[in-house]
Amino acid sequence: MKKYIVETYYTCTFKTVHSLENLNENELSKIDNRTDGEVEVIDVKLNNRKTRKTTDIKNNKIEQKSKTENNISKNISKSIIHNKNQNNIENAPNLKIKNKSRFKMPDRRKGYIQKAQIGDHKVYLHTGEYDDGKIGEIFIDTNKEGELVKAMMNNFAIAISLGLQYGVPLEEYVDAFIDTKFEPSGNVLGNDRILSASSILDYVFRELAISYLGKEELAHTPSISSSKNISSENTDEKFIKIVKNITSKGFVRSNLEEKLVDLSDVRINLKTKN
């Protein structure tokens with residue numbers, strides 16, 4: 001008796017039964033050449049694989065192995081090209097890349113405090129700036145609010161400050177919080193550019209947009225320069241007096257002349273190429 005397995009759309013297991021008169025080695029050696037046996041089917045299973053020769057199994061394994069190696073090499077080359085392109089993008093000067101690093105504020109920083117009154121509520125806006133003048137933090141204080149509202153406003157200001165230090169543009173916050181409406185709201189006293197606000201957040205980000213983004217369309221009054229007459233003084237005294245009006249004496253520790261760089265005598269010649 002001998003078993004044969006044929007691989008096709010159906011996997012069939014069958015056996016061939018031969019009748020033997022004498023059971024000896026001579027008869028068994030001739031059994032493979034006999035055609036008088038009876039075939040009995042043992043099992044039939046559905047197989048979705050296509051018909052293939054048993055002699056091609058080794059060749060198929062070799063082909064699959066080569067395809068796998070080719071796919072691995074292609075994936076490695078793609079990843080190398082992707083990393084190279086990513087490095088090129090990061091090195092490009094005109095592209096803005098999201099960076100997870102935080103740009104912390106300097107220990108000694110510039111800024112200003114703006115006091116205003118919205119309805120019966122006084123609001124103090126504190127700002128902190130980087131060395132290049134960009135805003136990096138804010139603090140909001142109010143007077144007639146409970147501890148819960150004060151804590152919420154303080155933590156809201158901390159969240160905004162962290163966002164600014166991680167690179168979120170101030171324009172995004174301005175677009176998000178301008179024209180928000182809740183009490184207190186109404187007329188604004190103490191701010192020469194903003195006359196009314198629909199909420200504290202509307203007032204705060206309107207003030208920041210005017211001061212740091214130059215969005216004059218959000219102001220209710222035009223920008224008016226100081227009318228103080230300093231025409232009778234010489235040029236150096238005019239310059240120092242103007243700087244004193246816009247610079248924090250405490251920040252520069254009264255060393256105005258050491259902190260300033262006079263560029264009045266510098267001449268720059270710009271020539272165009274024909």
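How near do the axes of helix 4 and helix 5 come, and at what angle do they cross? In this predicted model, the axes of helix 4 (residues 170-177) and helix 5 come within 9 Å and cross at roughly 145°. The crossing of the two helices is left-handed.

**The chain as a whole**

The chain has 274 residues, of which 23% are buried. Its secondary structure consists of eight helices and eight strands. Among contacts with a separation of 6 or more, 47% join residues 24 or more positions apart.

**Helix 5**

Helix 5 runs over residues 200-212 and has 13 residues. From its first C-alpha to its last, helix 5 reaches 18 Å, close to the 18 Å expected at 1.5 Å a residue. Helix 5 is mostly covered, with 11 of its 13 residues buried. The buried residues run from Ile200 through Ile210, and they include the charged side chains of Asp202, Arg206 and Glu207.

At the start of helix 5, serine 199 places a side-chain oxygen within 3.1 Å of the backbone nitrogen of aspartate 202. Just after the helix, glycine 214 takes a positive phi of about 70°.

The table names the residues on each side of the contact.

| Helix | Residues in the contact |
|---|---|
| Helix 4 | Leu170, Tyr173, Val174 and Phe177 |
| Helix 5 | Leu201, Asp202, Phe205, Leu208, Ala209 and Tyr212 |

By class, this contact has nine nonpolar residues, one charged residue and no polar ones. An α-helix has 3.6 residues a turn, so residues three or four places apart point the same way. Among the residues of helix 5 that meet helix 4 are Leu201, Phe205 and Leu208. Leu201, Phe205 and Leu208 are also among the buried residues of helix 5. Aspartate 202 takes part in the contact with helix 4, and its backbone nitrogen is the one approached by serine 199.

**Glutamate 137**

A further site lies in a strand. Glutamate 137 belongs to strand 6 (residues 135-142). Why does glutamate 137 count as buried? Glutamate 137 counts as buried because its relative accessibility is 10%, and the cut-off for buried is under 20%.

The side chain of glutamate 137 makes a polar contact with the side chain of arginine 109, at 2.7 Å. Arginine 109 is also one of the residues in contact with glutamate 137 once neighbours within four places in sequence are left aside.

Technical notes:
Residues numbered from 1 in each chain as written. Predicted model: local features only at pLDDT ≥ 70, side-chain atom pairs only at ≥ 80, totals over all residues. Heavy atoms only, no water. Helix = DSSP H or I, 4+ residues; strand = E, 2+ residues; numbered from the N terminus. Expected span 1.5 Å × (residues − 1). Buried < 20%, exposed > 50% of the residue type's maximum accessible area, 1.4 Å probe, protein only. Polar contact = N/O pair within 3.5 Å; in protein donor to acceptor, adjacent residues only side chain to side chain. Axes fitted to C-alpha atoms, helices over the stretch in contact; angles between N-to-C directions. Left-handed = near helix turned anticlockwise from the far one by under 90°. Contact = heavy atoms within 4.5 Å.
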